[in-house]
Structure formats: C-alpha cells, structure tokens
Amino acid sequence: MKRPTNPNSKGEKIDGLVSIDQKKVKMKKKKNMMRMGGGGLSLEAFAKAKTKSNDYNPALIKKQREFYKNAKYVSKYKKSLKQQSQQTDNYRHTRSREDENETEKAGEMNQRYKKNKRSSAQSLREVYEQKHEEEEKAKMEREAIVRAKKEERERTESRRKAVREKMLKKTRSGQPVMKYRIQHLLETIQGSTS
C-alpha cells in the first residue's frame with residue numbers, strides 16, 4: 001500500500017517509498033542508457049581492451065625507425081671523432097719530430113749566421129732585392145696570362161656573335177636565310193673530318 005505523499009515536498013521519500021517524480025527520473029536515465037547503447041564497458045572490460053597488444057601501430061613503428069636511425073648516426077659520428085683524434089695524435093707525433101729537426105737546422109743556421117756577421121747587411125739587401133725581383137716576375141707572368149685569357153675570350157665571343165647574327169638573319173617574308181646555315185653545317189663537317 002502506498003501512503004499519501006505530502007504535496008509540499010516534491011520527490012521526497014516517505015517511510016522508504018519512492019515518489020512519482022523520482023520514478024520518472026529513473027525511467028529517463030534508463031531510456032538514455034538504452035539509447036546510448038547499454039551501460040557501457042565495465043572497468044575490467046575497459047582495462048582488458050587497453051592492455052591488449054596491437055602489433056601494428058604505424059606511429060610507434062615510425063618512432064622506433066627514427067630512433068634506430070638516430071642511433072646509427074650517433075655511432076657513426078663517434079667513430080669519425082675517434083678516427084680524427086687518432087689521426088691528430090699521429091700528426092702530433094710526426095710534427096714533434098719535424099719540429100725537433102727544424103730546431104736542429106735553425107741552430108746550424110744561427111752558427112753560420114754568426115760566422116757571416118760581417119757580410120750580413122749586404123746579404124740581407126741582396127736577398128731582399130732578389131725576392132722583390134722574383135715577386136715582380138711572377139706578377140708580370142700572372143698579368144700576361146690574364147691578358148691572354150681575356151683576349152681569347154673576346155675573340156671567341158666576337159666569333160659567336162658574328163655566327164649568331166648570320167644564323168638569325170631572315171628574308172623579307174620571315175624565313176631563315178639558308179646560305180649561312182648551310183655554310184655553318186659545312187664548316188662543322190670539315191672541322192670534324194680534319
């Protein structure tokens with residue numbers, strides 16, 4: 001038996017019984033759950049679905065590939081650094097031997113220089129003049145080479161220009177003049193045979 005509800009209190013329980021408004025709310029919730037596809041996953045089912053290992057994951061595969069690629073580059077870089085350090089060590093050892101030899105030669109040169117102290121001013125002047133003459137000769141040779149290259153370039157350019165003008169000549173009606181084209185072909189054939 002239902003007991004009468006108090007009209008002032010909406011949805012309150014009276015002695016353990018549920019009011020009509022609360023029943024409507026429960027019905028709506030139930031309908032919504034059914035509409036959404038049931039009660040959803042249980043916590044256990046969700047955890048199982050998450051822990052299942054899915055072998056094919058393109059993002060993960062790409063990340064691993066990139067990681068291994070970077071690792072390979074790092075190892076190559078370390079190897080090259082090691083080789084360079086070994087080469088520099090070898091270079092230092094050989095360089096130190098060469099430096100020792102040079103210091104011995106320098107000592108011998110100093111002894112010779114002391115012997116020739118009297119003629120040092122004259123010899124220095126001669127060395128300076130000789131060096132200056134050599135530099136001037138080298139400078140003149142470079143200028144001559146540059147001048148010759150420039151002249152050659154100008155000659156070839158003028159030749160090309162003349163050939164281009166002849167090849168681009170047209171008749172009054174806009175047709176190319178064949179005389180120069182045939183001459184050009186003949187020259188190239190003669191040049192290839194000789």
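**Salt bridges and surface patches in a helical model**

Good morning. The side chains of arginine 125 and glutamate 129 meet in a salt bridge, with 4.0 Å from N to O. Please keep in mind throughout that the model is predicted.

Why can these two side chains reach one another? Arginine 125 and glutamate 129 lie 4 residues apart in helix α4, so about one helical turn separates them. As a general point, an α-helix has 3.6 residues a turn, so residues three or four places apart point the same way. Side chains of opposite charge can then pair when their charged atoms come close.

How many salt bridges does the structure hold? There are 2. Besides the pair already described, arginine 155 forms a salt bridge with glutamate 152, and their closest N and O atoms are 3.5 Å apart. This pair also belongs to helix α4; its members are 3 residues apart, and therefore about one helical turn separates them. Arginine 155 counts as partly exposed, with 45% relative accessibility, and glutamate 152 is likewise partly exposed, with 37%.

Helix α4 covers residues 120-167, and glutamate 134 is found in it. Glutamate 134 takes part in a surface patch of negative charge, where Glu133, Glu134, Glu135 and Glu136 gather. Is glutamate 134 buried or exposed? With a relative accessible area of 52%, glutamate 134 is exposed, because the cut-off for that class is over 50%.

Let us turn to positive charge. Which residues form the positive surface patch? They are Lys62, Arg65, Lys69, Lys72, Lys76 and Lys79. One of them, lysine 76, has its place in helix α3, which runs over residues 58-115.

The surface also holds a nonpolar patch, formed by Leu41, Leu43 and Phe46, which together have about 380 Å² of accessible area. Phenylalanine 46 sits in helix α2, residues 43-51. At 45% relative accessibility, phenylalanine 46 counts as partly exposed.

Now to helix α1. This helix spans residues 20-35, 16 residues in total, and reaches 23 Å from its first C-alpha to its last, close to the 22 Å expected at 1.5 Å a residue. Helix α1 is hardly covered: the number of buried residues among its 16 is 0.

Finally, I consider the chain as a whole. The protein chain has 5 helices and 0 strands, and its pattern along the sequence reads α-α-α-α-α. What share of its 194 residues counts as buried? The share is 3%. The accessible surface of the chain comes to about 19800 Å², and 54% of that surface belongs to carbon and sulfur atoms.

To review the charged features: arginine 125 pairs with glutamate 129, arginine 155 pairs with glutamate 152, four glutamates, Glu133 to Glu136, gather in a negative patch, and a positive patch includes Lys62 and Lys79. Thank you for your attention.

Definitions and conventions:
Residues are numbered from 1 along each chain as its sequence is written. This is a predicted model: local features need pLDDT of at least 70, side-chain atom pairs count only at pLDDT 80 or more; totals for chains, interfaces and linings use all residues. Side-chain values use heavy atoms; hydrogens and water are left out. Patches are made of residues with over 30% relative accessible area and no salt bridge: like charges are joined within 9 Å, nonpolar side chains (Val, Leu, Ile, Met, Phe, Trp, Tyr) within 5 Å. Accessible areas come from the Shrake-Rupley method with a 1.4 Å probe; for residues, only the protein chains shown count as cover. Lys and Arg count as positive and Asp and Glu as negative; His and the chain ends are not counted. The place of a charge is taken as NZ of Lys, CZ of Arg, CG of Asp or CD of Glu. Helices (H or I, at least four residues) and strands (E, at least two) are DSSP runs, numbered from the N terminus. Buried means under 20% relative accessible area, exposed over 50%, partly exposed in between (1.4 Å probe, protein chains only). The expected span of a helix is 1.5 Å times one less than its number of residues.
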